[in-house]
Amino acid sequence: MRWIREHLVLFLGLLVLVYMFVPIFVVVLMSFNDPASRNVYRFDGFTLDNWTNFCGPNGLCDSLVTSVLIAALATLIATVLGTLAAFALVRYDFAGRSASNLLIFLPMAAPEIVLGSSLLALFVAAGFAGQLGFWTILIAHVMFCLSFVVVTVRARLAGMDDTLEQAAMDLYATPAQTFWRVTFPLVLPGIVGAALLSFSLSFDDFIITNLNAGTETTFPMYVWGVAQRGVPMQVNVVGTLMFLLSVAVVVAGEVNNRRRRATLT
Amino acid sequence: MAEMTRRRGRTGYLLLLPAFLTLLVFFVLPFYSLIATSLYDPSGSDVEGFEMTYHFSNYWDAISDYSGPLFRSLVYGGVATLLCLVLGYVLAYAMAFKAGRWKYLLLVLVIAPFFTSFLVRTLSWKLILADDGFVVNTLQFLQILGDDGRLLATPVAVIAGLVYNFLPFMILPLFASLDRIDPRLIEASSDLYAHPFVGFFKVTWPLSLPGVVSGTLLTFIPAVGDYINAQLLGSTGQRMIGSVIQSQFVEANNYPAAAALSTMLMIVILAMVLVYVRRAGTEELL
């Protein structure tokens, strides 16, 4: 009885975790599904076809290429701009610093539908209604990834004291040497984390993208389209791969951390 | 931690400038455009162009035409947020106080599903809640659901999807603030003969309030604006406001009405958030 009471919360917590994982199991399962009909979404039989004939469904791989390209570019731009801004906000004192912090925070607090529709209103007002596509999606993604990059890198920077940098300066390192040999390596994990977050936010975005995409199709838009007419099981292969990739990234990060700690001690 | 010396001078501005300009042009300016668009004369069209006539009645028209989806979105978002709070609190509490050395593994497990495509995950709920599926059959067997009862195309399915999709947004801030609580404070309350429930409501819950407030906001705001769950798991009876804004903008090209709806959604959410934060007494969070 006592044992049950002690572990009840843990047990209920694990049940919640199961709830979070059930859809993932379904995604993995369905990636091996051999559907009897395109209109019924259920498991009918086992096959490897979805994995071997990955690009079979019309437009799937094109949409993936578009999504990866946009996510990579948006991540690159947002990470560079966001890291610079995080340095400014943590390391420099200037008038308007707290107002800038607020400006960074607001895009994360606004609903996506509002962000997306206001950006579309701007594009329409500026006469770009006919040119919606790759570039307008890219602009939208840079905009909403930027805040997440600033917040992530800022947290890393704020948790760092500058004693190591002062030590480097005392030992006659030039400011450039101090930055590249001491500061940058210390902030790098934050920057990498921010880049990964921004890549996955961009890759997965639907609501803002759908408003500003014109005729361009990203992967989430492809899934949205096929959801109305019958889903090819290959989208579950993509889902499974994304899951495996994110687990691999987390494990690699953890291994890297441990090795680093081991070399330090 | 040693206090860092903040440097003064122009470099700070220069470093901030690119991000600042990006947000100014693609975040602040769009809001101005949105509000301006919401006041255009609705008799225009996307081909001939719209005329600015400060047509405030766009807002009244939008309310009278779409009060249903707007109200429904707030209710679904609110219910989903409450359910997320209950489920999220249990898991975050277990992680912070009961998981021991498995704490960070559980944290990774909470975040991991999040990186699998939102739409693909939502589609798999379609299978889980399907009419002849395991869940529906069990509920029918237990007489909770009638023999021809279903879950898909009902508010239950939409809210279940919303809860599932936004749960990590609730768990992470809850965990962050629960994990900071010194467990000795809870021990002290039980040493002083407080019943565990009293200890929870007088010690743990108040200390976790910052996490509760930011978690509920991070869940409520995207859940109200979301229309993916309503569209994939619901039917036209569960249409949410995001879907109306999207279709008015992109399919009907009725820009003034769509912009008025979008502006109104922002205002309603902002007002609710301000009242909520003030009542919770955690204004310093903003």
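This is a predicted model: local features need pLDDT of at least 70, side-chain atom pairs count only at pLDDT 80 or more; totals for chains, interfaces and linings use all residues.
Residues are numbered from 1 along each chain as its sequence is written, and chains are lettered from A and ligands numbered from 1 in the order in which they are written.

**View 1. Crossing of α1(B) and α11(B).** The axes of α1(B) and helix α11 (residues 255-280) of chain B cross at roughly 120° and come within 7 Å (axes are lines fitted to C-alpha atoms, for helices over the stretch in contact, with angles from 0 to 180 degrees between N-to-C directions; helices are DSSP runs of H or I with at least four residues, numbered from the N terminus). The crossing of α1(B) past α11(B) is left-handed, the near helix being turned anticlockwise from the far one by less than a right angle. Leu34(B), Ile35(B), Thr37(B) and Ser38(B) of α1(B) meet Tyr255(B), Pro256(B), Ala259(B), Ala260(B), Ser262(B) and Thr263(B) of α11(B) (contact: C-beta atoms, placed from the backbone, within 7 Å). This contact has six nonpolar, four polar and no charged residues (nonpolar: Ala, Val, Leu, Ile, Met, Phe, Trp, Tyr, Cys and Pro; charged: Asp, Glu, Lys and Arg; polar: the others, Gly among them).

**View 2. The kink in α1(B).** At Leu17(B), shortly before the proline Pro18(B), α1(B) has a kink of about 45° (the angle between axes fitted to the seven residues ending there and the seven starting there). The end C-alpha atoms of α1(B) (residues 10-38) are 39 Å apart, which agrees with the 42 Å that its 29 residues should span at 1.5 Å a residue (1.5 Å times one less than the number of residues).

**View 3. α6(A) and its crossing with α4(A).** Helix α6 (residues 134-158) of chain A bends by about 30° at Cys145(A). The axes of α4(A) (residues 97-109) and α6(A) come within 9 Å and cross at roughly 120°, which makes α4(A) oblique to α6(A). Residues in this contact include Phe105(A) and Met108(A) of α4(A) and Phe144(A) and Phe148(A) of α6(A), and they divide into nine nonpolar, one polar and no charged.

**View 4. The side of chain A that touches chain B.** The contact takes 72 residues from chain A and 72 residues from chain B. On the chain A side, helix α1 (residues 2-30) gives the largest share, 14 residues.

Technical notes:
Helices (H or I, at least four residues) and strands (E, at least two) are DSSP runs, numbered from the N terminus. Angles under 35 degrees count as roughly parallel, over 145 as roughly antiparallel, 65 to 115 as roughly perpendicular and the rest as oblique. Two residues are in contact if their C-beta atoms, placed from the backbone, lie within 7 Å.
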